[in-house]
Amino acid sequence: MNSHLLRLFFFAVPIVSVFSSNALVPLVVLVGVLTAILSYSERKTLPSFTRKQLCLLGTFFGWISIASLWSINPIEALKLDLRLVGVTIAGLLLLNAVEAQDQETKRSIAKALLIGVILASMFLLVESLLNAPITKTLKGKELDAAMNLSRFNRGASFLGISLWVVFAIYSKKLSLGWKFLFPILPVALLYFAPSESSLLAVVLAATWYLVFFVFPNVGFRVLPVFMIISVLSMPLVTRYVEPLYDAESSQSIPFSAKHRFFIWDFVSSQILENPIRGWGFDSARDYPNNGIENYVHVDAKGNERALDGRIISLHPHNFSLQVWLELGLIGAVLVSVIIWMVFGYLKSRQLSGRVEIQAMLVSTFTVALLGYGIWQNRWFVMFFIFAAMIPLIQQQEHQDNIGEVDEYGA
């Protein structure tokens, strides 16, 4: 039963991401729990996780719970903490269910994912280019100002990242020429989509892919170091973005980019005032910042656009700064350990030589640094969906080192 359920899930989830990213959360929870129940009823087996995985997640969410106590809104912070714990458990159950399938079943699940991604990509292009005709038909009315094309940003991000996993699954069947041409697909798709951060993410991912195509193992060793250094140094780096958002700076910089520079400058200054323990979990949502923005953007035609409202609107549009602001240095270190463990998991599955997976991680990391709040449930759950796609990649025939502890701690 699990095999049928997982095929349906991976076919449906790309399409769901385009039309209703909020639905990803209950979908993952439902499938994660059902697969665990079905696995126990059929084979009397329970999901298994390593001691290091459980210890790390326990420590991470333990610190989140503690940091909720001095949050600006402790009750809401604890509620979010519980939701994230539930999503994490469901996501791990989903990953465990996929890993438990045999190779033939994984191949059939991969085919379902491929079909789903192709259909979802077609839907995204139709909705983006033709002003959302399918969504309007389903809603039975015109989209209002709050439901404009930006509502497809998360679907675009999901597909831009998923295409790299699909590429990793089927790349061995492609000729060398097609392996160089394939990275154009995510870039071409996101070029027509409404998300600038997602487009930049796939461009950087394609660049990483081409740079390390011949030396993937070098890229595999460089990438976690780069990501961890980025996380730990972000509050210091963003202290130097002030000249990038003033009214006299380059008019070629998009409004959204300048606005982010303005937010990051403010947030980094607040982080440095309380760097060790942070200001409390989920505090970015209610963080006091005098209530008014004084940022002005001048476009190429000389038109001015001023902002009026809170500097931080729900989150800083940078997951590293959000972790630092809310959880401090302790939270940033724990996130860095999680990143290291992810690479350990990939190495244990003999994927250190798959540059496509590195490109997927680059695009995910970039979107997280530019786009959404890290605790948004629909974005948070995507991490586990991407993780559940990894076991669909066929491993090498010789797996002598699987299960051994390596320098990443997997």
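Axes here are lines fitted to C-alpha atoms, for helices over the stretch in contact, and angles run from 0 to 180 degrees between N-to-C directions. In this predicted model, helix α10, which covers residues 196-211, packs with helix α14, residues 355-370, at an angle of about 150°, their axes lying 8 Å apart. Angles over 145 degrees count as roughly antiparallel, and α10 and α14 are therefore roughly antiparallel to each other. Their crossing is right-handed. On the side of α10, the contact is made by S197, S198, L200, A201, L204, A205, W208 and Y209, while α14 contributes V355, E356, Q358, A359, V362, S363, T366, V367 and L370. Sorted by class, the residues of this contact of α10 with α14 are eleven nonpolar, five polar and one charged.

The other pair brings together helix α5, residues 103-129, and α7, which pack at an angle of about 145° with their axes 10 Å apart. The crossing of α5 and α7 is left-handed. Among the residues that make the contact are L113, L114 and V117 of α5 and L159, L163 and V166 of α7, and the contact of α5 with α7 divides into twelve nonpolar, two polar and one charged residues.

Helix α7 itself runs over residues 153-170 and, with 18 residues, reaches 26 Å from its first C-alpha to its last, which is close to the 26 Å expected at 1.5 Å a residue. Since buried means under 20% relative accessible area, and 18 of the 18 residues of α7 are buried, α7 is largely enclosed by the rest of the structure.

Definitions and conventions:
Residues are numbered from 1 along each chain as its sequence is written. This is a predicted model: local features need pLDDT of at least 70, side-chain atom pairs count only at pLDDT 80 or more; totals for chains, interfaces and linings use all residues. Side-chain values use heavy atoms; hydrogens and water are left out. Helices (H or I, at least four residues) and strands (E, at least two) are DSSP runs, numbered from the N terminus. The expected span of a helix is 1.5 Å times one less than its number of residues. Buried means under 20% relative accessible area, exposed over 50%, partly exposed in between (1.4 Å probe, protein chains only). Angles under 35 degrees count as roughly parallel, over 145 as roughly antiparallel, 65 to 115 as roughly perpendicular and the rest as oblique. A crossing is left-handed if the near helix is turned anticlockwise from the far one by less than a right angle, and right-handed if clockwise. Contact means heavy atoms within 4.5 Å. Ala, Val, Leu, Ile, Met, Phe, Trp, Tyr, Cys and Pro count as nonpolar, Asp, Glu, Lys and Arg as charged, and the others, Gly among them, as polar.
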